[in-house]
Amino acid sequence: MTKKKQPKPYYMYVLQCSDESYYCGISTDPDRRLAEHNESKRGAKYTRSRRPCRLMFTQKFATRSEALKKEAAFKKLKRPEKLVYMCDVIEEEMALQVAKMESMEKANSEIESTPKPDKDS
C-alpha cells in the first residue's frame, strides 16, 4: 500500500523592498523565495534593484490556483487597501489562535476538576 503524498501548500507572500514598495508573489516556501529575491538571479527583476527585501506577510492556501487568484486580487488593491487586508488577515489568524488556546485551557481545567479514583479501592 502506497501512501498518498500530501500536496504542499502554496503561500501568497508580500515583500517590502528597500524603497518601501511591495512585491507580491506565490511560493511553496516563502523563506527560500525571500533568499532568492535577496541573493540570487532567481529573484524577480523588480526586486533585484530594490534589495534588501524583507518578508512582510504570508497567507497559506491549499492549492496553487487559490494562491494565484488571491495574488491577482491583491495586486489590484491600492497600497492602503493592501495594508488593511494584511492587518485583517493577521487579526483573524490571531483570533483563531486565541480561541484555540482558550478551548485547550477549558479542556485542561475540566480534566483537572474531574475527581480522581481512590488508590485504596
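Lys4 lies in the segment before β1. In this predicted model, local features need pLDDT of at least 70 and side-chain atom pairs count only at pLDDT 80 or more, while totals for chains, interfaces and linings use all residues. Residues are numbered from 1 along each chain as its sequence is written, and side-chain values use heavy atoms, with hydrogens and water left out. Helices (H or I, at least four residues) and strands (E, at least two) are DSSP runs, numbered from the N terminus. Lys4 counts as exposed because its relative accessibility is 81%; the cut-offs are under 20% relative accessible area for buried, over 50% for exposed and in between for partly exposed (1.4 Å probe, protein chains only). The C-alpha atoms of Lys4 and Lys60 are separated by 21 Å, at 56 residues apart along the chain.

Helix α1 spans residues 30-39, and its buried residues are Pro30, Arg33, Leu34, Glu36 and His37. These cover an arc of only 160° around the axis, which puts them on the same side of α1. The arc is that of the directions from the helix axis to the C-beta atoms. On the other side of α1, Asp31 and Glu39 are exposed. The cover over the buried residues includes β1 (10-16), β2 (22-27), α2 (45-48) and β3 (54-61), with contact meaning heavy atoms within 4.5 Å.

Helices α3 (residues 64-76) and α4 (residues 79-113) have axes that come within 8 Å and cross at roughly 135°. Axes are lines fitted to C-alpha atoms, for helices over the stretch in contact, with angles from 0 to 180 degrees between N-to-C directions. Lys70, Phe74 and Lys75 of α3 meet Lys82, Tyr85 and Met86 of α4.
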